[in-house]
Amino acid sequence: MASTSQQTATAGTDQSGEVEQFDAIIIGAGVTGLYSLYRLRELGLSVKSFDDGSGIGGTWFWNRYPGCRFDSESYSYGYSFSEELLQEWDWKEHYSAQPDTERYLNYVADKFDLRKHIRLNSRVVSAVFDENESLWQVEMEDGHRARGQFLITSIGILSASYIPDFEGIHSFKGPWTHPGKWPKEGMDLAGKRVGVIGTGATGVQLITEIAKEVGHLTVFQRTANFCAPLRNGPIDDETQKKIKASYPEIFKKCAETNGSFMHQFDTRSAMAVSPEERLEQYERLWLEGGFAKWLSNFYDVMVPGEANEDYAEFFRNKIRERVNDPVIAEMLVPKDHMFGSKRLPCESGYYEVYNQDNVSLIDVRKAPIERITPKGVKTTDAEYELDVIIYATGYDAVTGSLNKIDIHGIGDEILKEKFAGGPRTYMGVQSAGFPNLFTINAASVGNFVRAAEPLVDWVSEAICYVRDNNFKRISPTPEAEDTWTKHVSEAGANILRSQADSWFVGANIPGKARVLLTAPDTAPQMRAKRDAVAANGYEGFILE
Ligand code: NAP
């Protein structure tokens with residue numbers, strides 16, 4: 001990052017002592033919020049982050065459910081900005097578990113002395129742009145207020161948990177929770193009759209882990225997913241040394257791939273090679289870790305068509321091989337969406353769980369959940385008596401967390417209303433009429449930290465550009481926003497992840513507009529677009 005801010009940092013409370021003043025306010029102290037805080041502070045701005053958690057870590061603070069862990073290689077997920085940090089931190093496993101990742105983020109906060117710039121237990125309920133002063137004022141649930149020229153929402157794309165509005169939900173006599181709100185003190189599931197609703201990436205991790213200790217597990221599945229073996233394991237000393245010596249290559253590789261993962265597509269078509277060669281590649285990738293089987297494959301398995309279906313059938317057969325009861329196996333085999341059109345959950349023994357005597361699988365597509373009763377879950381077929389219910393029913397992605405904050409821009413325009421038909425932004429980072437508001441959460445998909453670091457760098461540079469040139473405001477032109485929104489809708493319509501009914505397009509939330517919620521572009525394309533905009537004096541933005 002080249003520029004530094006020439007203006008003097010301002011921080012503290014105003015004369016009335018009621019409203020804290022900063023140059024920049026960040027909402028969230030997760031992976032993006034922490035890095036935004038670090039970066040802006042390094043650039044000389046006074047900055048404060050507000051987070052509703054009682055600890056830092058965002059996603060990795062809240063998601064304490066058993067089995068929660070990375071699907072990206074740990075060493076590809078950590079921050080890259082500090083060589084010292086890279087060399088100091090030992091990832092324990094190839095795919096880090098939540099407690100270790102939470103420890104990592106706390107380690108980062110302490111190492112870079114970020115904690116004093118973070119106010120925890122602070123749920124921001126509103127953010128209002130003061131047009132006269134060109135400042136954002138945020139207010140917290142406890143009445144605390146703060147003002148700053150810039151407002152950055154680092155609130156995650158999957159942080160607004162969603163539980164369907166089942167009738168009778170509050171009548172249930174036992175404990176119930178969403179995995180994203182897993183109690184800090186844990187939940188006693190040993191020997192209990194536990195029901196899990198939902199079999200997405202969260203449900204799959206959770207089910208596999210708790211099946212080991214519960215008395216009886218009832219899984220309510222609406223859609224079977226393509227799930228792949230994670231192949232996790234501890235990192236031994238020798239591998240640790242190798243990893244630490246090869247960070248430049250790891251990050252270079254991530255920078256070159258579409259989703260910033262360590263896996264690069266094979267440029268060959270699956271259909272252009274012999275069936276034997278195709279199968280040999282499928283089997284080889286099957287034995288590799290994480291997303292290799294998804295993202296290192298023939299490029300056209302990720303394009304609707306023959307190759308995609310060929311690979312889907314390979315996956316289906318792998319599921320059939322692992323489940324003893326053929327009827328249950330068929331229930332677990334996905335047949336209603338294309339491979340890769342939903343996010344691939346990675347698992348460590350998920351399918352084998354259904355060979356256990358203490359696990360039942362209920363098809364709630366065939367017999368939907370009618371209501372929650374005091375005793376458990378009632379479908380159109382039967383009532384299932386339970387001691388605990390876990391709603392692994394997903395998230396109101398991207399816009400859900402923004403909508404929880406009452407954000408008012410110029411002319412009292414309300415962001416939630418503006419985004420009712422889907423996000424209207426320029427490159428996901430800003431929306432016209434909401435100057436100096438950077439919606440970082442609305443811009444990235446893929447290996448999260450790899451996508452977040454360059455994005456935060458870009459936003460920080462933009463903020464410095466505004467300050468160094470004595471502007472007060474930056475916001476996109478309505479034309480740039482229109483063009484971008486049209487691009488998302490048109491280019492997004494053709495890509496694989498728009499084809500299924502999932503959070504990628506808001507289809508998991510009843511009544512939510514169906515539109516791709518993130519950019520349709522690859523990570524390298526997005527970085528190039530943003531860089532070109534900055535190099536052209538923030539083309540498409542109004543600087544006032
Ligand atoms: P999800 O993928 O949206 O899955 C939600 C599940 O709940 C689906 O099986 C869904 O069924 C079911 N469901 C929703 N409403 C229902 C209803 N009314 N009746 C019955 N079933 C219902 O959510 P998620 O599993 O929390 O995962 C969300 C995202 O979080 C993932 O895609 C991934 O990006 C991220 N994640 C990452 C990791 C990781 O990095 N390791 C781990 C967990 C999650 P339908 O499919 O039929 O809608």
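Helix α6 (residues 201-210) is largely enclosed by the rest of the structure, because eight of its 10 residues are buried (buried means under 20% relative accessible area, with exposed over 50% and partly exposed in between, using a 1.4 Å probe and protein chains only). The buried set is T202, G203, V204, Q205, L206, I207, T208 and I210. These residues pack against β9 (193-197), β10 (216-221), β12 (346-347), α13 (350-353) and β17 (388-391), where contact means heavy atoms within 4.5 Å. Helices here are DSSP runs of H or I with at least four residues, strands are runs of E with at least two, and both are numbered from the N terminus.

A word on the source: this is a predicted model, in which local features need pLDDT of at least 70 and side-chain atom pairs count only at pLDDT 80 or more, while totals for chains, interfaces and linings use all residues. Residues are numbered from 1 along each chain as its sequence is written, and side-chain values use heavy atoms, with hydrogens and water left out.

Next comes a helix pair. The axes of α9 (residues 275-286) and α11 (residues 306-322) come within 12 Å and cross at roughly 55°; axes are lines fitted to C-alpha atoms, for helices over the stretch in contact, and angles run from 0 to 180 degrees between N-to-C directions. The two helices are therefore oblique to each other (under 35 degrees counts as roughly parallel, over 145 as roughly antiparallel, 65 to 115 as roughly perpendicular, and the rest as oblique). On the α9 side, the contact is made by R278, L279, Y282, E283 and W286, and α11 brings in A307, D310, Y311, F314, F315, K318 and R322. Sorted by type, that gives seven nonpolar residues, five charged and no polar ones (Ala, Val, Leu, Ile, Met, Phe, Trp, Tyr, Cys and Pro count as nonpolar, Asp, Glu, Lys and Arg as charged, and the others, Gly among them, as polar).

Then there is an open sheet of three strands, ordered β14-β15-β16 with antiparallel pairing (two strands pair if DSSP finds at least two bridges between them). Its edges are β14 (369-372) and β16 (383-385), each with a single partner strand, so one side of each is left without a neighbour in the sheet. On average, neighbouring strands are turned by 20° against each other, direction ignored. β15 (residues 376-379) pairs with β16 over three bridges, and V377 stands opposite Y384 in β16.

Finally, I414 sits in the loop between β18 (406-408) and α15 (415-418). Not counting residues up to four places away in sequence, I414 touches D406, I407, H408 and F434.
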